[in-house]
Amino acid sequence: MLREMTINDYDQMLALWNAIEGLALSAADSKPNIAMYLERNPGLSYVFEADGLIVGTVLCGHDGRRGFIYHAAVNPAYRNQRIAQQLISKSLQGLREAGIDKCHLFVLDDNEIGQAFWSRRGWEKRSGFAVYSTDV
């Protein structure tokens, strides 16, 4: 079952994210931060439930100009059932309805599974720039 993500899903989502190879977590993924993100971006992030458990997630939002997808993840035991495609499609639909016409996501260089997944779905790998971060 596909449904909108709520902060009540946090513990199960965190367990899933920690179990996914190539998915990096940080302090930005704390429960208060995820709650704030969901409140700021309603109707864009989703979970997929099966057998009473959250087996897929997509965390999505926008800055008013571009959409961003984070933590698109499916439990390996539930892969190849189009769960990720359903989650992503629902988030992209929400972005379109919000007037956002482009979406970005970040995949770590050493995440070969993630790189292959997004490439197979027609997402274009960007080059020519670097991402820099700092704590504020």
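How far is the sulfur of Cys-60 from the closest cysteine sulfur, and in which residue does that sulfur lie?

## Cysteines and basis of the model

The sulfur of Cys-60 lies 5.1 Å from that of Cys-103, which is the closest cysteine sulfur and is too far for a bond. A disulfide is counted here as a pair of cysteine sulfur atoms within 2.5 Å, and the structure holds zero disulfides. Cys-60 is buried, at 0% relative accessibility, and Cys-103 is buried as well, with a relative accessible area of 14%; buried stands for under 20% relative accessible area, exposed for over 50%, and partly exposed for what lies in between, using a 1.4 Å probe and protein chains only.

The model is predicted, so that local features need pLDDT of at least 70 and side-chain atom pairs count only at pLDDT 80 or more, while totals for chains, interfaces and linings use all residues. Residues are numbered from 1 along each chain as its sequence is written, and side-chain values use heavy atoms, with hydrogens and water left out.

## Sheet and helix

Five strands form an open sheet in the order β1-β2-β3-β4-β5, with mixed pairing; strands here are DSSP runs of E of at least two residues, helices are runs of H or I of at least four, and both are numbered from the N terminus. Two strands are taken to pair if DSSP finds at least two bridges between them. The edge strands, β1 and β5, each pair on one side only, and neighbouring strands are turned against each other by 25° on average, direction ignored.

Strands β3 and β4 run antiparallel and are joined by six bridges, and Cys-60 stands opposite Ile-69 in β4. Helix α1 (residues 10-19) lies across β2, β3 and β4 and runs at about 95° to β3, where axes are lines fitted to C-alpha atoms, for helices over the stretch in contact, and angles run from 0 to 180 degrees between N-to-C directions.

## Nonpolar cores

A nonpolar core is a set of buried Ala, Val, Leu, Ile, Met, Phe, Trp, Tyr and Cys residues joined through side-chain atoms within 4.5 Å. The largest has 20 residues, of which Val-55, Ile-69, Tyr-78, Ile-83, Leu-87, Ile-88 and Leu-95 touch the most other members. Elements giving two or more residues to this core include β3 (53-62), β4 (67-74) and α3 (83-97), and α3 supplies the largest share, five residues.

Apart from this core lies another, of 13 residues, with Leu-16, Leu-23, Leu-59 and Ala-73 among them. Beyond its neighbours within four places in sequence, Leu-87 is in contact (heavy atoms within 4.5 Å) with residues including Leu-2, Phe-48, Val-58 and Ala-73.

## Salt bridges

Three salt bridges are found in the whole structure, each defined by a side-chain nitrogen of Lys or Arg within 4 Å of a carboxyl oxygen of Asp or Glu. Arg-3, Asp-9 and Glu-49 are linked in a network: the closest N and O atoms are 2.6 Å apart between Asp-9 and Arg-3, and 3.3 Å apart between Arg-3 and Glu-49. The latter pair links distant parts of the chain, with Arg-3 in strand β1 (residues 2-4) and Glu-49 in strand β2, 46 residues apart. Asp-9 is buried at 6% relative accessible area, whereas Arg-3 is partly exposed at 22% and Glu-49 is partly exposed at 23%.

Arg-66 and Asp-101 also meet in a salt bridge, at 3.3 Å from N to O. Because Arg-66 lies in the loop between β3 and β4 and Asp-101 in the loop between α3 and β5, this pair ties together parts that are 35 residues apart in sequence. Asp-101 is exposed, at 68% relative accessibility.
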